[in-house]
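Please read it alongside the coordinates.

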Amino acid sequence: MTDVVSGHERAAASSPSEAPAAPRSRAQRGPRPGVLLAIVLTGQFMAVLDASVVNVAAPSIHAELHASGSGLQLVIAGYTITYAVLLVTGARLGDLLGHRRMFLAGLALFTLASLGCGLAPSPATLIGLRFVQGAGAAAMIPQVLSLIQRTFTGPARARAMSAYAAVLAGGVVVGQIAGGLLVTANLLGSGWRPVFLVNVPVGAVLLLAGARMLPARRLSEGIGRGLDLGGLVTLAAAVLALVVPLVVGQSQHWPVWGWACLGGSAVLFAGFVAAERRVAARGGSPLVPGRVLRQPGVGLGIAGLLAVMTTFGGLFFALALHLQGGLGDSALRAGLTFGPSAAAFALVSLNWQRLPARVHGTLPLAGFAAMTAALLALAVILRGGGHGGVALYLALAVLGAAMATAFSPLMTAVLMRIPVADAADATGVIVTVNQLGLVIGVATFGTLYLSLAGSLPAHPAGQGGGGAAQSAAVPSAVPSAAHTFGLLSAHAVSVTCVALAGAGLVGGLLAAFRARNTMDTRVKRN
């Protein structure tokens with residue numbers, strides 16, 4: 001990671017006769033690549049983790065704040081909605097205003113919103129601050145890849161991008177574990193609140209380190225590129241029309257307005273594509289340059305990433321509910337159940353490049369195949385209503401390794417094809433797609449699980465009257481109701497895993513088509 005030399009340093013090296021310049025601050029000098037990577041990836045990890053950490057904490061939030069079903073759903077999804085809608089805008093603003101400035105501004109907003117979430121006295125306050133928290137993440141996250149693209153070259157860039165991909169998806173899995181640990185610890189009687197408050201000291205340290213260590217200069221590629229306001233409004237409306245009904249539709253029994261929004265989102269997306277082509281034709285700066293998606297393998301690669309993240313979102317939402325509601329696990333045990341998956345995902349993500357280069361192109365296809373097999377195994381293990389013992393942990397470990405085998409090589413292959421000048425726009429598009437995948441997974445496969453399982457238990461396991469005291473007070477009704485829900489939940493999660501295996505098959509087909517198209521392109525060029 002020592003192959004980075006700043007423009008200022010090159011100029012100084014070519015003019016040794018000039019008088020020594022005044023000492024410069026760390027931000028004005030070339031950044032230390034390792035330190036820069038640690039800062040930006042830690043910020044990214046916090047933002048990605050917050051998209052999933054609330055899943056395990058949701059029952060405790062419901063018990064303390066008495067949030068309604070739709071209110072609790074918005075607590076979970078509000079962050080992702082603003083995150084997805086504003087990511088592309090955040091990427092372009094970073095290109096215009098400077099990636100360091102936008103990263104630090106987004107980090108500050110995210111940290112302050114996290115503090116507010118941890119102190120929220122009501123569901124309405126928590127929901128509003130979750131939307132603000134998502135806006136901060138949308139300003140911060142696009143700058144991560146842009147800074148990596150412009151700081152690293154050659155093999156160092158490939159290694160940095162591998163770490164980027166591992167953090168991007170691994171944070172979703174780790175969020176489940178962290179949520180369980182923090183809720184069960186019940187620090188000073190604070191219950192679920194530390195899942196947000198833990199961001200505050202980490203964010204403060206990153207702000208201090210980033211102000212000193214991140215490069216302050218604005219790179220020339222972004223100068224003169226204006227915001228595509230028409231495209232911004234159209235894209236925001238299209239994403240909202242898609243995301244909002246998917247998130248709240250189930251709790252509202254899929255009203256007519258929801259279906260109208262879903263149909264309208266298709267029209268708006270088509271209008272966005274047409275508007276972007278017109279902007280490009282007249283020499284403007286479209287929000288999403290068509291040349292990015294026209295790069296060989298990029299469009300199909302992004303679709304494959306969507307399939308992985310949809311599976312992520314759907315599985316971990318449904319399984320977290322089953323573990324706590326159906327099997328009666330505590331938040332800690334439910335969170336730790338995902339440990340083998342998280343460890344396997346991290347291990348594969350950080351080491352897959354050690355394999356011979358000739359097999360790298362086939363890894364996504366192998367990953368999707370293993371995902372499908374692991375999901376079918378989970379369906380068999382969980383359908384009887386038991387915990388599954390060692391078999392459950394083994395299946396989750398295989399699933400985590402398979403997801404990493406599909407996601408990390410595919411993400412790296414896509415990003416390596418993006419020109420540096422388009423890094424900011426590509427970042428927003430790719431991460432927006434990933435976030436939409438999480439929302440779609442929760443909305444579709446989560447809806448399937450909830451429809452089959454029925455009403456969830458009123459209290460999390462061991463809390464709010466759900467433990468031994470309640471069982472003593474109502475000796476027969478509670479066990480009977482819990483047993484009935486447990487059987488329904490086991491059937492529901494088993495069916496959901498089979499449906500998710502279908503998503504894995506779709507991802508495998510996309511990976512196969514991408515590999516074939518990329519190979520055909522290489523043959524034509526030769």
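1. Burial is used throughout in the following sense: a residue is buried under 20% relative accessible area, exposed over 50% and partly exposed in between, computed with a 1.4 Å probe on protein chains only. By that criterion Cys117 is buried, because its relative accessibility is 0%. Cys261, at 27%, counts as partly exposed.

2. Regarding provenance, this is a predicted model, in which local features need pLDDT of at least 70 and side-chain atom pairs count only at pLDDT 80 or more, while totals for chains, interfaces and linings use all residues. Residues are numbered from 1 along each chain as its sequence is written, and side-chain values use heavy atoms, with hydrogens and water left out.

3. On cysteines, a search of the whole structure returns zero disulfides (a disulfide being a pair of cysteine sulfur atoms within 2.5 Å).

4. Side chains of opposite charge can pair when their charged atoms come close. The structure contains three salt bridges, each defined as a side-chain nitrogen of Lys or Arg within 4 Å of a carboxyl oxygen of Asp or Glu. One of them joins Arg130 to Asp50, with an N to O distance of 3.8 Å. This pair links distant parts of the chain, 80 residues apart: Arg130 belongs to helix 6 (residues 123–151), and Asp50 to the loop between helix 2 (33–49) and helix 3 (53–65). Helices (H or I, at least four residues) and strands (E, at least two) are DSSP runs numbered from the N terminus. Both Arg130 and Asp50 are buried.

5. Arg193 and Glu64 form another salt bridge, their closest N and O atoms lying 2.9 Å apart. Arg193 sits in the loop between helix 7 (154–185) and helix 8 (194–197), and Glu64 in helix 3, so the pair ties together parts 129 residues apart in sequence. Arg193 counts as buried because its relative accessibility is 16%, whereas Glu64 is partly exposed at 38%.

6. Arg333 and Asp329 also meet in a salt bridge, at 3.8 Å from N to O. Arg333 is partly exposed, with a relative accessible area of 40%, while Asp329 is buried at 3%.

7. Which contacts does the side chain of His99 make? It reaches the backbone oxygen of Gly94 at 3.4 Å, and a polar contact of 2.9 Å joins the side chains of His99 and Gln143. A polar contact is a pair of N or O atoms within 3.5 Å; within protein, one must be able to donate a hydrogen and the other to accept it, and residues adjacent in sequence count only if both atoms are side-chain atoms. His99 lies in helix 5 (residues 99–118) and is buried, at 7% relative accessibility.
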